[in-house]
Amino acid sequence: MSDDPETARQIAELALDDRPLLVLDVDDVVLEFIRPLPRYLASQGLELRLETFHIHGNVFDVATNEPVAAERVSAAIDAFFAVQADWQEMTEGVAEALASFGGRAEIVLLTMMPHQHRTARRAHLDRLGLPYPLLTTGMPKGPAIAMLRGEKGRPVAFVDDLPRNLLSARESVPDASLFHLMADNSIRALLPPFDPQGIMAVADWNDARRKIAEALGV
């Protein structure tokens, strides 16, 4: 069972499926995040200076040039999600990649964000023509992916931009095919070291599409 009871409830609402399973993160996998976020922060008098692979600690008040407290950064990100439809666009190539699977795989979106923003994100994805089921979680993603897979042992592929989520999936679903995709590859250099065993880095959705199809046998 997922470690997040609300995520477990959302999973239980899905119809049982025996097709190969493709689970996708949303921010910086399906929707742009790290590119529009600085523009949003600028509209709030803040500046993102990515010196490390963290948002907290790298946001500064433009007026004072002082770093912003973690609580204010968290509030700004929460506010960004409330108006995400005004800022977030699809990652290049994602719509075509997902359409290419032609219903041969079950596609589920699993996003780490506060549950209260699920309705806004669902509406935004629908407007963009991405009708795939959406799950929200505040906990490590691996247990949720294991629950999504069910008991039949069907093939699983998981795509995320954050190594910690991929490592969680590797622990919970050891035979899953794991893909590290970042909408903005320029920030890969900021990633902290992690064990890449079993995790395949992909450059973009054109690269990912072929490798996912092979992994899932579709």
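## A central strand pair

In this predicted model, Val23 has Val108 of strand S4 as its bridge partner. The two strands involved are S1, residues 21–24, and S4, residues 106–112. They run parallel and are joined by four bridges.

## The sheet

S1 and S4 belong to an open sheet of six strands. The order is S5-S4-S1-S6-S7-S8, and the pairing is parallel. Strands S5 (134–137) and S8 (199–202) each have a single partner strand, so they stand at the edges, with one side of each left without a neighbour in the sheet. On average, neighbouring strands are turned by 25° against each other, direction ignored.

Strands of a sheet pair through backbone hydrogen bonds, either parallel or antiparallel. Here the pairing is parallel.

Which strands does helix H6 lie across? H6, residues 142–149, lies across S1, S4, S5 and strand S6 (156–160). The helix runs at about 150° to S1.

## Nonpolar cores

In soluble globular proteins, nonpolar side chains tend to be buried together. The largest nonpolar core in this model has 26 residues. Leu22, Leu24, Val30, Leu98, Trp205 and Ile212 have the most contacts inside it. Several elements each supply at least two residues of this core: S1, helix H4 (94–99), S4, S6, strand S7 (177–181) and helix H8 (205–216). H8 gives the largest share, four residues.

What does Val30 touch, leaving aside neighbours within four places in sequence? Its contacts are Leu24, Asp25, Glu89, Met90, Thr91, Val94, Leu109, Leu125 and Leu130. Of these, Leu24 is also listed with Val30 among the core residues with the most contacts.

## The whole chain

The protein chain has eight helices and eight strands. Its C-alpha atoms fill a box of roughly 55 × 35 × 30 Å along the principal axes. The radius of gyration is 17 Å, which agrees with the value near 17 Å for a compact globule of 218 residues.

Buried residues make up 47% of the 218. Among contacts between residues at least 6 apart in sequence, 66% join residues at least 24 apart. The accessible surface comes to about 10,200 Å². Carbon and sulfur atoms account for 55% of that surface.

Key
Residues are numbered from 1 along each chain as its sequence is written. This is a predicted model: local features need pLDDT of at least 70, side-chain atom pairs count only at pLDDT 80 or more; totals for chains, interfaces and linings use all residues. Side-chain values use heavy atoms; hydrogens and water are left out. Two strands pair if DSSP finds at least two bridges between them. Axes are lines fitted to C-alpha atoms, for helices over the stretch in contact, and angles run from 0 to 180 degrees between N-to-C directions. Contact means heavy atoms within 4.5 Å. A nonpolar core is a set of buried Ala, Val, Leu, Ile, Met, Phe, Trp, Tyr and Cys residues joined through side-chain atoms within 4.5 Å. Buried means under 20% relative accessible area, exposed over 50%, partly exposed in between (1.4 Å probe, protein chains only). The radius of gyration is taken over C-alpha atoms; the globule rule is 2.2 Å times the number of residues to the power 0.38. Accessible areas come from the Shrake-Rupley method with a 1.4 Å probe; for residues, only the protein chains shown count as cover.
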